[in-house]
Structures are given as C-alpha cells and as structure tokens.
Amino acid sequence: MSQQNIYDNDEFFNNFYDIRSSEIILAESENYYIVGAYEQANLYRKSDDKYVCCVGQHYGDPLDALIDKNEKFCVVVGCGVIVFRLKEPFESYVYDKECDQWYEFGRDPKNVDWIISVKQISDNEVELLDEAENSRVIKIKI
C-alpha cells in the first residue's frame, strides 16, 4: 500500500489557497471601501472599483476597519491599530515606517493590543474593543 503525499494532492492545495486568498469587505463609505485579504487591508474607490493603496498589514489578518464618516481617515484593527489619513497622494502602508500618511500603536511584538472591533463615536474619536471585550476611546490625530 503506497502512502499519498499531501503535496501531490491538488484538492488540498486548491482549498488551502482559497482560504488564504479569501477577501472580505471590512468597511464602506460613500466613496471608498476596505477589503481585508490575508494579513492585508486595501483601500478601493467605489466609483470604479480601482485599488487605491494598502492601508494596513496585520499579523493574523485585519479583524475590522472603519472609514471616517467625513472620509478624512480610516482605522484598521487586529494586531494593533493603524490610523491612515485619506489624503492624496496616497502612499501604501509599509510596516514599521513612519510618515505623515499613517500612524500605528499596539503593534509591538512584546506587547500587542489584539483589537477585534472599531466604531466611530464622534468626528475625531473611535471606540476600540479588545479580545477581552474591554473598550476604550481614542482621539484620532489627523
């Protein structure tokens, strides 16, 4: 009796690939939407479904996002928090880089904030809910 090698099993790898490449809409606004796909969050323009830029990368996938009701910023959460300014010219997010387009926190590998949801409560404040279901409000600096 011969043993089948899993690497020879096309069905296994096709299913594995499908899982990793699945996409989910994390947030929508009047003019934009954010798609989460395997550890990355991408911003698209609604009018033509055109990719705008990457707005975050999260170990273990982004879990939630929001686009500000005035479309000045978006927030992507999961392994920490990324606040991304919606201002042209758009620059794609790059891990551990500092710039004016975004800022991040709670992403230090030694002290990660695992955030599971985010909701806007005012023009410049959002509420974060962590994995232990503790909530806190943060002010957005834009």
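This is a predicted model: local features need pLDDT of at least 70, side-chain atom pairs count only at pLDDT 80 or more; totals for chains, interfaces and linings use all residues.
View 1. K139 counts as exposed at 55% relative accessibility, where exposed means over 50% relative accessible area, buried under 20% and partly exposed in between, computed with a 1.4 Å probe on protein chains only. Residues are numbered from 1 along each chain as its sequence is written, and side-chain values rest on heavy atoms, with hydrogens and water left out. K139 forms a salt bridge with E125, their closest N and O atoms being 3.9 Å apart; the pair links distant parts of the chain, K139 being in strand β13 and E125 in strand β12, 14 residues apart. E125 is partly exposed, with a relative accessible area of 22%. A salt bridge here is a side-chain nitrogen of Lys or Arg within 4 Å of a carboxyl oxygen of Asp or Glu, and strands (E, at least two residues), like helices (H or I, at least four), are DSSP runs numbered from the N terminus.

**View 2. Two further salt bridges, D123 with K69 and R136 with D113.** The side chains of D123 and K69 meet at 3.4 Å, N to O, and this pair links the loop between β11 (115-122) and β12 (125-130), which holds D123, to the loop between β5 (64-67) and β6 (73-78), which holds K69, 54 residues apart. D123 is partly exposed at 46% relative accessible area, while K69 counts as exposed at 58% relative accessibility. In the R136 and D113 salt bridge the N to O distance is 3.1 Å, and its partners, 23 residues apart, lie in strand β13 (residues 135-139) for R136 and in the loop between β10 (111-112) and β11 for D113. Both partners are partly exposed, R136 with a relative accessible area of 33% and D113 with 24%. The count for the structure comes to eight salt bridges.

**View 3. Y33 and Y44 form a stacked aromatic pair.** Their ring centres are 5.3 Å apart and the planes meet at 10°; Y33 lies in strand β2 (residues 32-37) and Y44 in strand β3 (residues 40-45), so the pair ties together parts that are 11 residues apart in sequence. Rings of Phe, Tyr and Trp (its six-membered ring) pair if their centres lie within 6.5 Å, with planes under 30 degrees apart counted as stacked, over 60 as edge-to-face and the rest as tilted. Y33 counts as buried at 12% relative accessibility, as does Y44 at 16%. Ring pairs link Y33, Y44 and Y51 into a cluster, and the structure holds six aromatic pairs.

**View 4. The largest nonpolar core has 19 residues.** Those with the most contacts inside this core are I34, L43, V55, I67, C74, F84 and L86, and the elements giving two or more residues to it are β1 (23-28), β2, β3, β4 (50-57), β5, β6 and β7 (80-85). Strand β4 gives the most, with four residues. A second, separate core of 13 residues includes F73, V77, V83 and L128. A nonpolar core is a set of buried Ala, Val, Leu, Ile, Met, Phe, Trp, Tyr and Cys residues joined through side-chain atoms within 4.5 Å.
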